[in-house]
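Please keep the sequence and the model open while reading.

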Amino acid sequence: MTAKQLSILVIDENTIRASIIEAGLREAGHEQVTLVHDVHAIARRVSEVQPDVIVIDLENPNRDMLENMFNLSRAVKRPIAMFVDRSDQAAIEAAVDAGVSAYVVDGLRQERVKPILDMAISRFNAFSRMERELEDARNELESRKIVEKAKGILMRSKGLSEDEAYQRLRRAAMDQNRKISEIAQSLITASELLGGA
């Protein structure tokens, strides 16, 4: 996605500071920039705008405002760059836990907006990729457990070797054009219904 195509939502109650961010984004070639100054109905605005990236500037954030913004970042699953004037260790940890891609303390300058936005997008993409890989690994492990259990059922009930049990599952999967784990799960379910394993 090019800079011109990227839709960016800037959330900032302070119009002067928002204009600094907007200027930095437009200077970097971003044309689709939406400014929001009312943070109270922000979830609705995010839903309406459907931005690719969110930039949040909190001049003097209190604990409740930070928590609301962190809840927003958990919900939207988009890159978020957050500028704050001051922070503490707890707020930084909460930002990381909430999935904020870039958390910048006392660093709002027009020339810094583009590199920070680029970093937020890169970090978000890297984190999303890791989450997908972790989910794929979990699914693969679960599938293996299911296949192992089904092989055990076949080995006990049919007197097959482990390889023979696997080949039988594999052949059934090929004949039915399904995954081996799906066939294995069907076998486990049938065995449980019939009072087996």
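## A pair of bridged residues

Ala81 has Ala102 of E5 as its bridge partner. Strand E4 (residues 80-84) and E5 run parallel and are joined by 4 bridges. Strands here are DSSP runs of E with at least two residues, helices are runs of H or I with at least four, and both are numbered from the N terminus. Two strands count as paired if DSSP finds at least two bridges between them.

The model is predicted, so local features need pLDDT of at least 70 and side-chain atom pairs count only at pLDDT 80 or more, while totals for chains, interfaces and linings use all residues. Residues are numbered from 1 along each chain as its sequence is written, and side-chain values use heavy atoms, with hydrogens and water left out.

## The sheet

The open sheet has 5 strands in the order E2-E1-E3-E4-E5, with parallel pairing. Strand E2 (32-36) and strand E5 (102-105) are at the edges; each has a single partner strand, so one side of each is left without a neighbour in the sheet. From one strand to the next, the twist averages 15°, taking axes as lines fitted to C-alpha atoms (for helices, over the stretch in contact) and angles from 0 to 180 degrees between N-to-C directions.

E1 pairs with E2 in the parallel sense over 5 bridges, and Ile11 has Val36 of E2 as its bridge partner. E1 also pairs in the parallel sense with E3, over 4 bridges; there, the bridge partner of Leu9 is Ile54.

How many residues of E1 are buried? The count is 5 of its 5 residues, where buried means under 20% relative accessible area, exposed over 50% and partly exposed in between (1.4 Å probe, protein chains only). Ser7, Leu9 and Ile11 are buried on one side of E1, and Ile8 and Val10 are buried on the other. In a regular strand the side chains alternate between the two faces of the sheet.

Helix H1 (residues 15-27) lies across strand E1 (7-11), E2, strand E3 (53-58) and E4, and runs at about 175° to E2. E1, H1 and E2 form a right-handed β-α-β unit: with the strands pointing away from the viewer, the path from the first strand over the helix to the second runs clockwise.

## The nonpolar cores

A nonpolar core is a set of buried Ala, Val, Leu, Ile, Met, Phe, Trp, Tyr and Cys residues joined through side-chain atoms within 4.5 Å. The largest one has 24 residues, and Ile56, Phe70, Met82 and Tyr103 have the most contacts inside it. E1, helix H2 (42-49), E3, helix H3 (63-76), E4 and helix H4 (89-98) each give two or more residues to this core. H3 provides the largest share, 6 residues.

Leaving aside residues up to four places away in sequence, Ile56 touches Ile11, Met69, Leu72, Ile80, Ala81, Met82 and Phe83, with contact meaning heavy atoms within 4.5 Å. A second, separate core has 17 residues, including Ile8, Phe83, Ala102 and Ile116.

## Two residues in their setting

Val84 lies in strand E4 and is buried, with a relative accessible area of 1%. Val84 is 24 residues from Leu108 in sequence, and their C-alpha atoms are 8.2 Å apart.

His40 lies in the loop between E2 and H2 and counts as exposed at 72% relative accessibility. His40 and Glu162 are separated by 122 residues in sequence and by 61 Å, C-alpha to C-alpha.
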